[in-house]
Amino acid sequence: MTTPPTTTVRLTTAQALVRFLSRQFTERDGTRQRLIGATWGIFGHGNVAGIGQALVEHADEMPFHQGRNEQAMVHAAVGYARQSGRLSTHAVTTSIGPGATNLVTGAALATVNRLPVLLLPGDTFAARPADPVLQQLEVPYAGDVSVNDCLRPVSRYFDRVTRPEALIPAALAAMRVLTDPVETGAVTLALPQDVQAEAYDWPEEFFAERVWTVRRPAPDPRELAAAVAAVRDARRPLIVAGGGVHHSAAEDALGELAGATRIPVASTQAGKGSLRFDHPADVGGIGHTGTATANELARTADLVIGVGTRYSDFTTASGTLFEAPGVRFLNLNVAAFDGHKMAGATLIADARAGLEALTAALRGHRVEPGYAVEYTGDKERWEQRVDAAFQTDEPDVRPTQAQVLGVLDELVTDEDVVINAAGSLPGDLHKLWRARSPRQYHVEYGYSCMGYEIPASIGVALAAPERPVWALVGDGTYLMNPTELVTAVQENVPVKVVILQNHGYASIGGLSESVGGERFGTAYRFRAADGTYTEGPLPVDLAANAASLGMRVLRAKTVRDLREALREARGADRPTCVYVETETADTVSGPPPAQAWWDVPVAETATRVSAVKAREEYDRHVTARRRHL
């Protein structure tokens, strides 16, 4: 009996990759969606004749978005992936030189935040007909190294496709990692430019539709029994909700557990919104940028139940927050790597599956009534502090940054998405923002990357075109990466960009002052014609800059102006920018200060008084740090 020959189709490597990507799907809980929703690209030598031609060839199969900055394209893809619950993402293609190295920051952000993105940088010739070629980095000790190797440490999977047939195992491995809830992050397939254009007879099976199941592993029965016993024995348990709650779509399951047991729930930056702000068990953000309510509970907790958190130093206040002598940790996490942190007992499982199992096993168990009364009262007092920071009785004055958030808080509904990443805004948002829905609060604080907000807002808007999307951008962040405004205008993505101008790097300036750095290099300095410097506003107009890039710009000088401008922007069907200069909080009510410490080492020896005093304060705090063993 003869085996029928395999049917093949002749395509270039790049054409085969584009066709393959267009036929990959994810499935979770019976819902199927496309894995690679679109491809972003900036073309140069190394991808214009390969991937670029393939995207033209298969334009009906693969949507395309034109970017302006390679790092920003990755941010847009990450924003799309996060809004899509990690079930769908975008691919990003670049040329072989600066385009490829510009991917590194975006790749690190994706991997740190455990968010999938597919990177397709061009690479130098595999056959080396000319060596070196334009933009090639020559490495004397290794002929097979290119700048793309910079992407290895920030990628969860990396491969260089040096032969057409090597694409088959490489592409399948890439999809496996992208869809694995434990391993996901940036995935890089480096594509030599000659291999991209080389034709090959591909088996048609390679292009069959593939559905990658996103698993929900259930908890081990023995670990579950131990977890239940730990919860029942605890007198002051506290749940710390991390980003894994959102990634697993476990918000309802968390709400059911908290409602049934009355265990309070604090949230990390990535986990905020796991419960609505007005849920009886929600006590707000935890850690250095958290609320007094959550942090006081953390200091006295005898059991900390981490759900989908990686326990960053902001969450743990650099190891000083959980200070009760007998405190223990129970970590529900799909990744054993994170589950074993803080020397915790583990419940290795999908967040939703684990929470549902805990709720069922804890049926009838509730914390002592006095504990719930305590944190409920503390939460009410904290909300009064939020009101004080948000409100103003003078509508014709320049708003503070907190008051900008307060006006936006009045305006938004459950549908809005608020995006931020760096500067002083993440701290204010974590403490003050009242998250109304699971996808509303989108603060990238794993990598805290300046320049993330604008491109990420485009990605979020592409994933959820029915939702108003707000990019909150400080002036320092805006100057880092405004170019994707052009893409928003080009594709008429109606993002709402709010530029808060405080004329300096307020967050890092404050940190510099607190650690004895005296705000050096953090304020804007203007050099006059005579060579002297003065500190203060520079003669630049960011609103005019945004307008020059095609944005509709609304300038707001007062709280009253701001309220009208934000309302108009929310209803706009085109990209719109609201520009507002903010007042400092020196003379008006501002956000509450940090409620927990953060370790930034201070000079051990110094002659300047500011550094000496800062070191004394540092030594006082560092003695409270402990290792949980």
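Which residues in H11 and H15 meet? The first legend gives the answer. The model shown in every view is predicted.

**View 1. Helices H11 and H15 in contact.**
From H11, the residues that take part are Ala292, Thr293 and Leu297. On the H15 side they meet Tyr371, Glu374, Tyr375, Asp378, Lys379, Trp382 and Arg385. Sorted by class, this contact has five nonpolar residues, one polar residue and four charged residues. H11 covers residues 292-300 and H15 covers residues 369-390. Their axes come within 8 Å and cross at roughly 145°.

**View 2. Helices H1 and H6, crossing at roughly 30°.**
H1 is made up of residues 13-21 and H6 of residues 167-178. The two axes come within 11 Å of each other. Because the crossing angle is roughly 30°, H1 counts as roughly parallel to H6. The crossing of H1 past H6 is right-handed. H1 contributes Thr13, Ala16, Leu17, Phe20 and Leu21 to the contact. H6 contributes Leu167, Ala171, Leu172 and Met175. Eight residues of the contact are nonpolar, one is polar and none is charged.

**View 3. The aromatic pair of Phe20 and Phe206.**
The whole structure holds eleven aromatic pairs. In one of them, Phe20 and Phe206 are stacked, with 4.6 Å from centre to centre and 15° between the planes. Phe20 belongs to helix H1, while Phe206 sits in the loop between strand S10 (199-203) and strand S11 (210-213), so the pair ties together parts that are 186 residues apart in sequence. Both Phe20 and Phe206 are buried. Ring pairs also join Phe20 and Phe206 with Tyr200, Trp202 and Phe207 in a cluster.

**View 4. The aromatic pair of Phe314 and Trp598.**
This pair is edge-to-face, with 4.5 Å between the ring centres and 65° between the planes. Phe314 is in helix H12 (residues 313-316). Trp598 is in the loop between strand S25 (576-581) and helix H24 (609-622). The pair links distant parts of the chain, 284 residues apart.

**View 5. Helix H17 and its contact with H16.**
H17 spans residues 425-432 and is mostly covered, with eight of its eight residues buried. Among the buried residues of H17 are Pro426, Gly427, His430 and Lys431. Leu425, Asp428, Leu429 and Leu432 are buried as well, and these residues of H17 meet Gln401, Ala402 and Leu405 of H16. The contact of H16 with H17 divides into five nonpolar residues, one polar and one charged. H16 runs over residues 401-411, and its axis comes within 11 Å of the axis of H17. The axes cross at roughly 50°, which means that H16 is oblique to H17. The crossing of H16 and H17 is right-handed.

**View 6. Tyr524 and the residues it touches.**
Tyr524 is found in the loop between helix H21 (506-514) and strand S22 (525-527). Tyr524 counts as buried because its relative accessibility is 10%. Thr12 is 512 residues from Tyr524 along the chain, and 52 Å separates the C-alpha atoms of the two.

**View 7. Glu513 in helix H21.**
Glu513 has a relative accessibility of 49%, so Glu513 counts as partly exposed. Apart from neighbours within four places in sequence, Glu513 is in contact with Glu518 and Arg519. Thr584 is 71 residues away from Glu513 in sequence, and the C-alpha atoms of Glu513 and Thr584 are 16 Å apart.

Definitions and conventions. Residues numbered from 1 in each chain as written. Predicted model: local features only at pLDDT ≥ 70, side-chain atom pairs only at ≥ 80, totals over all residues. Heavy atoms only, no water. Helix = DSSP H or I, 4+ residues; strand = E, 2+ residues; numbered from the N terminus. Buried < 20%, exposed > 50% of the residue type's maximum accessible area, 1.4 Å probe, protein only. Contact = heavy atoms within 4.5 Å. Axes fitted to C-alpha atoms, helices over the stretch in contact; angles between N-to-C directions. Parallel < 35°, antiparallel > 145°, perpendicular 65-115°, else oblique. Left-handed = near helix turned anticlockwise from the far one by under 90°. Nonpolar A, V, L, I, M, F, W, Y, C, P; charged D, E, K, R; others polar. Phe/Tyr/Trp six-rings, centres within 6.5 Å; stacked < 30°, edge-to-face > 60°.
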